[in-house]
Amino acid sequence: MNTKLTLTIDEIVIEKAKKYAKNKQSSLSNIIENYLKTLVKESKKDTEELSPIVKSLKGSFQAEKDFDYKKELTKRLSDKYLKQ
């Protein structure tokens, strides 16, 4: 159920946020809602237990010792979104 919320935010911030939302092809309400969801999200340990399939896969992948997942993720996302 959606409920209306009134916020008081600096006018300049609102205008920039609206432009940001438009560039992301989203609504400002949706962006704010998703941000708030991340703030109040409970940890997985508190809310759910792993399914048997996930439990069976846990620990089955071994990355190289010097594997930098942040570097790899940055590279993959750059390739996907920045190269045209």
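Begin by selecting Leu 5, Leu 7, Ile 9 and Val 13, which make a nonpolar surface patch of about 360 Å². Such a patch joins nonpolar side chains (Val, Leu, Ile, Met, Phe, Trp, Tyr) within 5 Å, from residues with over 30% relative accessible area and no salt bridge; areas come from the Shrake-Rupley method with a 1.4 Å probe, and for residues only the protein chains shown count as cover.

Residues are numbered from 1 along each chain as its sequence is written, and side-chain values use heavy atoms, without hydrogens or water.

Colour next by pLDDT, the predictor's confidence in each residue from 0 to 100. The mean for the protein is 85, and 90% of its residues reach 70 or more. Among the elements, helix 1 has the highest mean (93) and helix 3, residues 44-47, the lowest (55). Where pLDDT is low, the predicted coordinates should not be read in detail. Helices are DSSP runs (H or I, at least four residues), numbered from the N terminus.

Now select Asp 10: at the start of helix 1, one of its side-chain oxygens reaches to within 3.0 Å of the backbone nitrogen of Ile 12. Move on to Gln 25, in the loop between helix 1 (11-23) and helix 2 (28-40). What is the phi of Gln 25? The value is near 55 degrees, positive in a residue other than glycine. Most residues other than glycine have a negative phi. Gln 25 is exposed, with a relative accessible area of 77%.

Finally, display the salt bridges (a side-chain nitrogen of Lys or Arg within 4 Å of a carboxyl oxygen of Asp or Glu); the whole structure holds 3. In helix 2, Glu 33 and Lys 37 are about one helical turn apart, being separated by 4 residues, and their closest N and O atoms are 3.5 Å apart. In helix 5 (residues 69-81), select Arg 76 and Glu 72, again 4 residues apart, whose side chains meet at 2.6 Å, N to O. Arg 76 is exposed at 54%, whereas Glu 72 is partly exposed at 26%. Lys 75 pairs with Asp 79 at 3.3 Å.

How values were computed. This is a predicted model: local features need pLDDT of at least 70, side-chain atom pairs count only at pLDDT 80 or more; totals for chains, interfaces and linings use all residues. Helices (H or I, at least four residues) and strands (E, at least two) are DSSP runs, numbered from the N terminus. Buried means under 20% relative accessible area, exposed over 50%, partly exposed in between (1.4 Å probe, protein chains only). Patches are made of residues with over 30% relative accessible area and no salt bridge: like charges are joined within 9 Å, nonpolar side chains (Val, Leu, Ile, Met, Phe, Trp, Tyr) within 5 Å. A polar contact is a pair of N or O atoms within 3.5 Å; within protein, one must be able to donate a hydrogen and the other to accept it, and residues adjacent in sequence count only if both atoms are side-chain atoms.
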